[in-house]
Amino acid sequence: MRIKSAEVNVTSPGRNFVTLRITTEDGVTGLGDATLNGRELAVRAYLDDHVVPLLLGEDAARIEDTWQYLYRGAYWRRGPVTMAAIAAVDTALWDIKAQYAGMPLYQLLGGACRTGALAYGHASGRDVPELLDSVRAHLALGYRAIRIQTGIPGLDSVYGVAASSPGGGERYDYEPARRVTGGGRLRPTVEIWDTRAYMRHVPAVFEAVRSEFGPELPLLHDAHHRMTPIQAARLSRDLEPYDLFWLEDATPAEDQEALRLIRHHTTTPLAIGEVFNSVHDYTTLLSGRLIDYVRSAVTHTGGVTAMKKLLDLAAVYGIRSGMHGPTDISPVGMAAALHLDLAVHNFGIQEYMRHSPQTLDVFRTSYRFEDGLLHPSDTPGLGVDLDTEAAAHFPYQQAYLPVNRLSDGTVHDW
Ligand code: CS2
Ligand code: MG
């Protein structure tokens with residue numbers, strides 16, 4: 001099971017993806033997602049220049065040892081670039097091992113704890129009537145849990161809200177990493193933000209959705225790290241009557257103590273961690289039971305090996321998974337999440353933002369969404385193929401997430 005080759009593929013079928021493909025001497029191929037939205041080429045260089053040369057000729061079966069070698073051996077630890085690179089190697093090696101075993105990955109992780117993974121989709125609208133249409137459309141697609149986001153009166157555009165959603169159907173372009181040319185230089189777009197306007201508006205949005213759809217439907221909301229701790233405490237309390245499944249990213253994530261302050265004031269469940277890349281980002285949050293859901297992605301947290309350990313630690317504190325699943329996690333990263341979703345006991349929910357048809361022409365998936373649940377397939381390994389010929393038709397395009405500023409020009413968290 002020696003590693004014969006490892007190549008990094010960068011492609012842009014609708015948006016940018018970085019994929020590591022490892023092949024063994026007997027021709028078994030494994031894939032790992034290394035996509036870091038807006039910083040893709042840094043991970044490619046890290047892999048090409050510093051990781052791939054170390055892998056050639058090594059034993060593909062030694063997954064844990066390879067992880068430790070790349071993490072501890074490098075001296076410099078953690079950080080999104082390093083951990084996305086390690087994640088790609090780790091996931092590709094699990095894909096290979098499961099194919100050798102002739103089993104879907106979830107079997108190697110201990111087997112299924114459930115029949116499928118409850119998924120939540122993203123409903124959004126520029127105003128409340130548009131949002132209600134979008135919720136209806138998501139229910140028609142089979143979703144049993146829905147994240148709701150809206151435009152805010154007085155603000156021109158709000159991240160995560162589709163510019164328009166004809167018929168309330170699914171959009172693939174509402175959380176854009178936009179390519180914008182300004183004076184010949186590539187610059188992110190700027191969105192103007194006002195937290196007080198946001199906080200005044202959100203309870204009314206939940207009121208409208210609950211009175212239209214009743215108390216049963218699990219509803220989620222993403223605050224994108226934009227409030228101060230005391231603002232977040234107040235909004236979480238104001239939202240208690242609407243029984244949220246979770247409030248996500250209430251405050252800037254690196255301040256773990258902020259969640260303690262919010263917790264003192266509210267029983268609204270809290271989720272955080274999509275920007276984290278290590279179990280060490282969570283130690284205060286888990287041991288203090290300051291959150292209810294872990295939002296990390298396999299892709300950004302060091303792979304299947306590290307994610308499993310993180311979720312096992314979370315289980316000790318009664319905290320569940322809610323893995324990050326936006327479209328900047330590639331279908332390879334999504335498949336890895338689904339195998340874990342099935343295998344860990346403390347599964348909570350899985351975010352599911354469908355990839356565009358263009359993306360799915362390049363990444364051939366076998367997982368499926370049915371009646372609100374996601375199912376990894378029983379294909380040995382991860383169950384995803386990368387069509388490199390199709391990928392070659394979509395060269396990399398530099399693109400950035402928007403930057404948030406206040407009306408006086410101050411850069412704001414998001
Ligand atoms: C969002 C993400 O899915 C989510 O919850 O917060 O879409 C996030 O904005 C992107 O992954 C950023 O790359
Ligand atoms: Mg989020």
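User: Which strands does helix 3 lie across?

Analyst: Helix 3 (residues 80-101) lies across strand 1, strand 2 and strand 3, and runs at about 150 degrees to strand 3. Contact means heavy atoms within 4.5 Å. Angles run from 0 to 180 degrees between N-to-C directions, with axes fitted as lines to C-alpha atoms, for helices over the stretch in contact. Helices (H or I, at least four residues) and strands (E, at least two) are DSSP runs numbered from the N terminus.

User: And what is the basis of the model?

Analyst: This is a predicted model, in which local features need pLDDT of at least 70 and side-chain atom pairs count only at pLDDT 80 or more, while totals for chains, interfaces and linings use all residues. Residues are numbered from 1 along each chain as its sequence is written, chains are lettered from A and ligands numbered from 1 in the order in which they are written, and side-chain values use heavy atoms, leaving out hydrogens and water.

User: What is the strand order in the open sheet?

Analyst: The order of its three strands is 1-2-3, with antiparallel pairing; two strands pair if DSSP finds at least two bridges between them. Strand 1 (3-11) and strand 3 (29-33) are at the edges with a single partner strand each, so one side of each has no neighbour in the sheet.

User: How many bridges join strand 1 and strand 2?

Analyst: Strand 1 and strand 2 (residues 17-24) pair over eight bridges in the antiparallel sense. Val10 has Val18 in strand 2 as its bridge partner. Helix 1 (residues 40-55) packs on the sheet and touches strand 1 and strand 2, its direction making about 175 degrees with that of strand 1.

User: Changing topic, at what angle do helix 7 and helix 8 pack?

Analyst: Helix 7 (residues 229-238) and helix 8 (residues 256-265) pack at about 35 degrees, with axes 8 Å apart. Residues making the contact include Ile230 and Ala233 of helix 7 and Leu261 and Ile262 of helix 8.

User: Is Glu248 buried or exposed?

Analyst: Glu248 counts as buried because its relative accessibility is 0%. Buried means under 20% relative accessible area, exposed over 50%, and partly exposed in between (1.4 Å probe, protein chains only). Glu274 is buried with a relative accessible area of 15%.
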